[in-house]
Amino acid sequence: MAAVATSPSPYSSLRPNSSSRVPNFHRISVKIPFCNARWGKTLVCVGCHNPNLDSVVTGSGSKSPTHLPDDHDGQASASSHSAAIDFLTLCHRLKTTKRKGWINHAIKGPESIADHMYRMALMALIAKDIPGVNRERCIKIAIVHDIAEAIVGDITPSDGVPKAEKSRREQAALKEMCEVLGGGMRAEEIKELWEEYENNSSLEANLVKDFDKVEMILQALEYEIEHGKVLDEFFLSTAGKFQTEIGKSWAAEITSRRSARLKNRD
């Protein structure tokens with residue numbers, strides 16, 4: 001990378017030689033404000049020998065993960081856009097597939113898989129800070145933890161599918177979805193986030209596992225109020241299974257509200 005300032009700067013010695021002939025040298029010129037106010041607007045020239053590099057080398061020698069658009073390969077770019085839309089279209093099933101636990105209890109107009117994941121992401125967003133826990137990663141895990149259900153559907157314990165078989169089906173579905181996306185860095189991230197949740201292998205996964213249960217019992221309470229039902233099994237199946245303090249506290253608050261409501265009904 002070469003940078004040329006309109007006013008004297010330590011980068012002035014890096015001005016490229018205009019008479020040099022470098023094969024396949026591409027230059028992009030943009031005006032950006034430097035943090036140092038006295039430099040004002042500075043013209044930055046970026047050059048690379050290989051326009052297909054996955055990353056840009058900055059003036060400090062480090063690599064930036066930002067991908068430059070490939071103007072020399074419109075076909076590849078179009079293919080990437082097509083893969084993204086295909087993937088998002090497949091994920092539409094998450095919006096339309098209803099959670100089976102509620103269907104089994106004859107809940108009218110039950111929540112979808114996407115509804116469930118969305119409120120879990122909100123939980124990660126509003127939760128108090130926890131030492132050692134990356135909030136952004138929790139939000140990402142919440143968004144993708146049930147993503148394979150776009151293909152396999154919502155498999156519940158009542159379906160009688162062994163846990164190992166359920167995991168196998170979901171892994172195969174996730175692989176297919178990543179192939180639809182076209183592979184690459186984003187697909188690998190989705191796979192890594194999903195596996196982290198599946199294996200309960202981090203503090204973030206522990207927390208999102210709790211959010212999964214908290215969201216379910218909160219939804220159960222809401223359906224009890226809305227439909228006049230008693231949905232004991234959802235509370236019994238999660239009792240004593242929360243791993244984090246915030247999960248335990250939120251679950252206790254929901255259970256307390258439910259107990260008060262049931263008591264007032266009697």
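Which side chain of opposite charge is nearest to D154, and how far away is it? In this predicted model, the nearest such side chain is that of R99, at 4.7 Å, and D154, although buried, has no salt bridge.

D154 is placed in the loop that runs between helix 5 (149–152) and helix 6 (163–181). A polar atom of its side chain lies 2.8 Å from the backbone nitrogen of K100, and K100 is also listed among the contacts of D154, together with K98, R99, G101, I113, E149 and D159, when neighbours within four places in sequence are left aside.

The largest nonpolar core comprises 46 residues, and those with the most contacts inside it are F87, L94, W102, I147, M177, V208 and F211. Among the elements that give two or more residues to this core are helix 1 (74–96), helix 3 (113–126), helix 6 and helix 10 (245–265), while helix 8 supplies the largest share, nine residues.

Confidence in the model can be described for the chain and for one stretch of it. The protein chain has an average pLDDT of 81, and 71% of the residues score at least 70. Over residues 1–72, however, the pLDDT is below 50, although this stretch has 83 contacts in the model beyond near neighbours in sequence. Where pLDDT is low, predicted coordinates should not be read in detail.

Definitions and conventions: Residues are numbered from 1 along each chain as its sequence is written. This is a predicted model: local features need pLDDT of at least 70, side-chain atom pairs count only at pLDDT 80 or more; totals for chains, interfaces and linings use all residues. Side-chain values use heavy atoms; hydrogens and water are left out. Helices (H or I, at least four residues) and strands (E, at least two) are DSSP runs, numbered from the N terminus. Buried means under 20% relative accessible area, exposed over 50%, partly exposed in between (1.4 Å probe, protein chains only). Lys and Arg count as positive and Asp and Glu as negative; His and the chain ends are not counted. A salt bridge is a side-chain nitrogen of Lys or Arg within 4 Å of a carboxyl oxygen of Asp or Glu. A polar contact is a pair of N or O atoms within 3.5 Å; within protein, one must be able to donate a hydrogen and the other to accept it, and residues adjacent in sequence count only if both atoms are side-chain atoms. Contact means heavy atoms within 4.5 Å. pLDDT is the predictor's confidence in each residue, from 0 to 100. A nonpolar core is a set of buried Ala, Val, Leu, Ile, Met, Phe, Trp, Tyr and Cys residues joined through side-chain atoms within 4.5 Å.
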